[in-house]
Amino acid sequence: MRYLFYVTLSYSFSVLRPLEIAIKKRGSKVAWFIPKGSEAEKFLLSSDDRLVDVNQVKKFDPHATLAPGNFIPDFFPGIKVQVFHGFDSGKKGKFNIRGFFDLYCTQGPNITQGFSSINDGTCEIVETGWSKLDPLFSLHRDTEKYQSEKPVILYAPTFSPSLTSTFALHPFIKHLAETKDWQWIVKLHPKATAEEVTMFKALSSNNLRFVETGDIIPLLQAADIILSDTSSILTEFALQEKVVVALNNRRPEEWMVNFQQPSQLEQVLDTALQPNASLLHKIKAHCDSIHPYKDGLSSERVLDAIDKLVASGTSHLKAKPLNLIRRIKIRKKLKYYRWS
């Protein structure tokens, strides 16, 4: 079997690396396609087999092309597989059959039900668990370098201009990094603006570490609590049964600590660092409902689902919508103007 990973942003690596390991264990081949100039380029390893143009993709002739993002070139060979880059965080359009994928590998019951309810017959929905989380419950080799004897707070905001907390919280994080004996880790979204990156890089100190990485597992494991806003990373973190803190979350739920005023930050973090039993129980119940797979074998289930669809073929699926504008955009970006 030959598998192709379609990648544009660095968050894709943490989703796809566990799948890469599982593929190679099966004796199959894997290659990467990253459009030139993409943010993900600098995170590719020298040992990775990178395909640099569509002709190389055609020659590789993958049985399946996997993407954590929302879109994928329709002209790539093989079935198209959505493996997701995050959990449902309450953002608009999270459940959307976009007409590009043959197979959606969902993380847990809530996502499965959401996509199954809108499935138009153009794709299959298979619950597999999320490959990204396979390594979460085994200590990562890099976790130790982010740990501290101080309380560790991971700040990981979303990029959406209407939802991000970067500008609102910046002065308060700056103050706390200067006055409290806490260890901060700041990991901005790959789509963060240059202004946001500059702002938070400037805060770097003994108490605040600005991190740029495609693998957030060590950060999630090292942190005691996470601070964000409306981001799926809150759920990823909570799956460790740790406390999440959010500023003006778009869909606040009882398992998170949500607050409305940036000036409340210090008080909220003080409370979150000493959680009560009721909050911890709510976190556990939530995690059990969204991702029941704690065996580290979600990648294997994804590959099983792919192999099954490859073997059966896609003739039973309905024809996908034309999506002409999106298809033209992808062809323009990759400088490929044929329709096959």
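## Ring pairs and salt bridges: worked exercises

In this predicted model, the side chains of Lys 174 and Glu 178 form a salt bridge, 3.0 Å from N to O.

**Exercise 1.** Work out how Lys 174 and Glu 178 are placed along helix H4, and say whether Glu 178 is buried or exposed.

*Solution.* Start with the helix: H4 covers residues 166-179, and the two residues are 4 apart in it, so about one helical turn separates them. Next, check the accessibility. Lys 174 comes out at 36%, which is partly exposed. Glu 178 has 55%, and the cut-off for exposed is over 50%, so Glu 178 counts as exposed.

**Exercise 2.** Classify the ring pair of Phe 71 and Phe 100, then find where the two residues sit in the chain.

*Solution.* Take the geometry: the centres are 5.7 Å apart and the planes stand at 90°. Pairing needs centres within 6.5 Å, and an angle over 60 degrees means edge-to-face, so that is the label for this pair. Now the positions: Phe 71 is in the loop between S4 and S5, while Phe 100 is in the loop between S5 and strand S6 (103-106), 29 residues away. As for accessibility, Phe 71 is partly exposed at 26%, whereas Phe 100 is buried at 4%. One more thing about Phe 71: Arg 326 lies over the ring's face, 3.7 Å from its centre.

**Exercise 3.** What kind of aromatic pair do Phe 33 and Phe 76 form, and which parts of the chain does it tie together?

*Solution.* The structure has 14 aromatic pairs. In this one, the centres are 5.2 Å apart with 80° between the planes, which is edge-to-face. Phe 33 belongs to strand S2 (residues 29-33) and Phe 76 to the loop between strand S4 (64-67) and strand S5 (79-82), so the pair ties together parts 43 residues apart in sequence. Both Phe 33 and Phe 76 are buried. Finally, widen the view: Phe 33 and Phe 76 belong to one aromatic cluster with Tyr 6, Phe 75 and Tyr 336.

**Exercise 4.** Locate the partners of the salt bridge between Asp 61 and Arg 2.

*Solution.* There are 20 salt bridges in the structure. This one has an N to O distance of 3.7 Å. Asp 61 is in the loop between helix H2 (54-60) and S4, and Arg 2 is in strand S1 (residues 2-6), so the link spans 59 residues. Asp 61 is partly exposed at 38%, and Arg 2 is partly exposed at 26%.

Note on methods
Residues numbered from 1 in each chain as written. Predicted model: local features only at pLDDT ≥ 70, side-chain atom pairs only at ≥ 80, totals over all residues. Heavy atoms only, no water. Phe/Tyr/Trp six-rings, centres within 6.5 Å; stacked < 30°, edge-to-face > 60°. Buried < 20%, exposed > 50% of the residue type's maximum accessible area, 1.4 Å probe, protein only. Lys NZ or Arg CZ within 6 Å of the ring centre and 35° of its normal. Salt bridge = Lys/Arg side-chain N within 4 Å of Asp/Glu carboxyl O.
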